[in-house]
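Trainee: Could we go through this structure together, slowly, with a question at each step?

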Amino acid sequence: MTNFPTDKFQGIETPFYYYDKKVLLATLDTIKAELAERPNYHLHYAIKANANLEVLKEIQKAGFGVDAVSGGEIQQALKAGFEAQKIVYAGVGKNDWEINLGLDAGIFCFNVESLEELRIINELAEKKQKTAKVCFRINPNVGAHTHANITTGLMENKFGIAMEDMELAIREAKELSNIEFIGLHFHIGSQILEMDDFAALANRVNELQDRLESQGIKVKNINVGGGLGIAYNDPDGKPVPDFKKYFDTYAQNLKLREGQQVHFELGRAVVGQMGSLITRILYVKNTHHKQFAIVDGGMSDLIRPALYDAHHKIQNISSMEAEETYDVVGPICESSDVFGKNEKLPKCHRGDLIALRSAGAYGEIMACQYNCRKLPKAYLM
Ligand SMILES: *Cc1c(COP(=O)(O)O)cnc(C)c1O
């Protein structure tokens with residue numbers, strides 16, 4: 001079990017996010033080592049998973065780029081010191097100011113999700129006498145074995161351009177004066193643990209590439225998105241995801257043409273396991289039906305359990321007494337403000353610290369002020 005630096009937690013107001021620097025650096029080192037063997041593979045960290053400046057600076061130092069899905073994320077990436085040339089930008093609803101920001105900064109490429117968007121990017125680029133580099137985000141109609149709210153690559157999802165329209169989009173791009181077509185982009189979903197799903201995507205990309213090749217269309221860059229999952233049930237046993245298996249899956253299945261570069265957009269797998277939400281028990285309440293541990297952190301601080309039925313491993317890091325059974329719940333006025341039901345925890349008392357593990361991704365960044373609460377702070381240490 002992780003030894004939390006509880007002495008350093010003294011005096012910090014709860015709830016807060018604790019980011020374990022050792023785990024982050026071990027994760028970054030593992031990815032670096034995998035990519036060192038494959039010079040044509042590039043990682044763009046999906047900044048939406050965690051945009052904490054201290055965390056971003058470590059990722060930037062490791063040499064990776066950024067995948068942004070909004071203008072605000074592009075700004076945050078630039079602030080953290082990422083080069084514009086290492087930023088890719090996706091999103092179904094890019095606003096004009098966001099496109100202009102990308103053009104002014106000189107980002108690597110826009111991952112374009114519709115023909116309507118392509119024409120607007122061309123218009124805005126023309127006004128600035130710039131050329132926008134674009135990849136088309138293609139909806140590959142590949143499912144992923146994950147929660148329905150986090151699949152993105154099915155025909156029913158709002159993301160991307162239909163496969164039937166791929167050639168149409170590429171032809172149009174070639175006719176537009178201020179657009180340079182540089183590749184194809186895909187992203188099938190998140191928290192994916194079955195490598196077969198990524199293999200299915202690679203095979204779809206192969207088919208599409210064959211189709212384009214037969215029409216004499218060349219593609220410089222293939223971006224396969226992100227989605228690699230983490231072991232929510234075993235943060236101590238598997239603090240670093242199996243990046244080798246992940247990259248090997250693409251190496252074995254994705255057929256590359258000469259000189260082609262492959263881009264990955266991992267978010268959760270990079271930052272998920274380093275984080276815990278540290279929260280304090282306010283009350284232990286017995287209702288005759290159940291025993292509740294009521295903590296000071298809630299769904300406003302960590303929304304994944306309420307939003308995706310996610311479960312974060314729960315630990316009482318203050319007590320070593322015999323275990324009892326608790327529902328661990330937050331203070332927010334919503335019945336879905338529950339972190340765990342029937343959790344076996346060392347006997348709980350008012351004041352004990354509870355750690356909600358694997359909360360580094362889609363935690364702090366999704367926090368909100370519902371119930372007029374303060375936003376949680378985060379500490380990388
Ligand atoms: C969210 C997202 C990612 C990252 O997903 P993870 O599951 O965190 O790896 C990558 N690419 C795009 C386009 C995304 O929207």
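Trainee: Which elements cover the buried residues of α9?

Mentor: This is a predicted model, in which local features need pLDDT of at least 70 and side-chain atom pairs count only at pLDDT 80 or more, while totals for chains, interfaces and linings use all residues. Residues are numbered from 1 along each chain as its sequence is written, and side-chain values use heavy atoms, with hydrogens and water left out. Helices (H or I, at least four residues) and strands (E, at least two) are DSSP runs, numbered from the N terminus, and contact means heavy atoms within 4.5 Å. On that basis, the cover of the buried residues of α9 includes α2 (21-36), β2 (41-46), α8 (195-213), β10 (261-264) and α10 (268-271).

Trainee: Which residues of helix α9 are buried?

Mentor: Buried means under 20% relative accessible area, exposed over 50%, and partly exposed in between (1.4 Å probe, protein chains only). In helix α9, which spans residues 243-253, the buried residues are Phe243, Tyr246, Phe247, Asp248, Thr249 and Tyr250.

Trainee: Why does Asn178 count as buried, and how far is the backbone oxygen of Lys130 from a polar atom of its side chain?

Mentor: Asn178 lies in the loop between α7 (166-175) and β8 (179-185), and it counts as buried because its relative accessibility is 10%. A polar contact is a pair of N or O atoms within 3.5 Å; within protein, one must be able to donate a hydrogen and the other to accept it, and residues adjacent in sequence count only if both atoms are side-chain atoms. From a polar atom of the Asn178 side chain to the backbone oxygen of Lys130, the distance is 2.9 Å.

Trainee: Is Gln291 buried or exposed, and which backbone oxygen does its side chain reach?

Mentor: Gln291 is found in strand β12 (residues 291-295), and because its relative accessibility is 19%, Gln291 counts as buried. Not counting residues up to four places away in sequence, Gln291 touches several residues, among them Val284, Glu324 and Tyr326. At 3.2 Å, the side chain of Gln291 reaches the backbone oxygen of Thr325.
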